[in-house]
Amino acid sequence: MGIKLDMVGIVVKDMKASLDFYRVLGLVIPESLNGEQHVEVEQSGFRLAFDTQEIAKGVYGKWDEPTGHRVELAFSCESNEVLNDLYDQIVRSGYDGYREPWDAVWGQRYAIVQDPDGNLISLFA
């Protein structure tokens, strides 16, 4: 094919707040990166990157914060129980549970949470 997905980038308002959310989600991100303008986390063959709005302005020449659903990140959980527990942990940590776990018609256990920048994050098992 000649190309492959290598990185998914998220523009964030507050690096620490965003990284804290993704830590609760289960990503291993050193606390020492909280003050950085660009952070990358290796994820099984691709990178999940976080850039501050200031970096985005520098890369794109300007930054107009988008509204509405922009991107979906979907994380696979080992089991329905793991999904349910993770959803509860995220909500208990003060983050928005966009949609509580349910059994989707396509056969997966599914839930949706929202990160500090308004991105919808799907959890499935």
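**Charges, rings and strands in a predicted model**

The charged end of Arg99 sits over the ring of Trp102, 3.6 Å from its centre. A charge counts as over a ring if NZ of Lys or CZ of Arg is within 6 Å of the ring centre and within 35 degrees of the ring normal. The structure is a predicted model, in which local features need pLDDT of at least 70 and side-chain atom pairs pLDDT 80 or more, while totals for chains, interfaces and linings use all residues. Residues are numbered from 1 along each chain as its sequence is written, and side-chain values use heavy atoms, without hydrogens and water.

Aromatic rings also meet one another. Rings of Phe, Tyr and Trp (its six-membered ring) pair if their centres lie within 6.5 Å; planes under 30 degrees apart count as stacked, over 60 as edge-to-face and the rest as tilted. By this rule there are 6 aromatic pairs. Trp106 and Tyr110 form an edge-to-face pair, with 5.3 Å between centres and 85° between planes. Burial is judged by relative accessible area: buried is under 20%, exposed over 50% and partly exposed in between (1.4 Å probe, protein chains only). Trp106 is exposed at 53%, whereas Tyr110 is buried at 10%. Tyr110 also pairs with Phe124; these two rings are stacked, 6.4 Å centre to centre and 20° between the planes. Tyr110 lies in strand S6 (residues 109-114) and Phe124 in strand S7 (residues 120-124), so the pair ties together parts that are 14 residues apart in sequence. Helices (H or I, at least four residues) and strands (E, at least two) are DSSP runs, numbered from the N terminus. Elsewhere, ring pairs link Phe21, Tyr22, Phe50 and Tyr95 into a cluster.

The whole structure holds 8 salt bridges. The term denotes a side-chain nitrogen of Lys or Arg within 4 Å of a carboxyl oxygen of Asp or Glu. One of them joins Lys13 to Glu65, with the closest N and O atoms 3.3 Å apart. Lys13 lies in the loop between strand S1 (7-12) and helix H1 (15-25), and Glu65 in the loop between helix H2 (53-60) and strand S4 (72-76), so this bridge ties together parts 52 residues apart in sequence. Glu65 is partly exposed, at 41% relative accessibility. Within helix H1, Arg23 and Asp20 are 3 residues apart, or about one helical turn. Their side chains form a salt bridge (2.8 Å, N to O). Both Arg23 and Asp20 are buried. Asp103 and Arg109 form another bridge, at 3.2 Å between the closest N and O atoms. Here Asp103 is exposed at 57%, while Arg109 is buried at 17%. Shared partners join Lys16, Asp20, Arg23 and Glu31 into one network of salt bridges.

An open sheet of 3 strands has the order S1-S3-S2 and mixed pairing. Strands pair if DSSP finds at least two bridges between them. S1 and strand S2 (38-43) are the edge strands, each with a single partner, so one side of each lacks a neighbour in the sheet. Neighbouring strands are turned by 20° against each other on average, direction ignored. S2 and strand S3 (residues 46-52) run antiparallel and are joined by 6 bridges. Glu42 stands opposite Arg47 in S3.

H1 packs on this sheet and touches S1, S2 and S3; its direction makes about 150° with that of S3. Contact means heavy atoms within 4.5 Å. Axes are lines fitted to C-alpha atoms, for helices over the stretch in contact, and angles run from 0 to 180 degrees between N-to-C directions. H2 lies across S1 and S3, at about 100° to S3.
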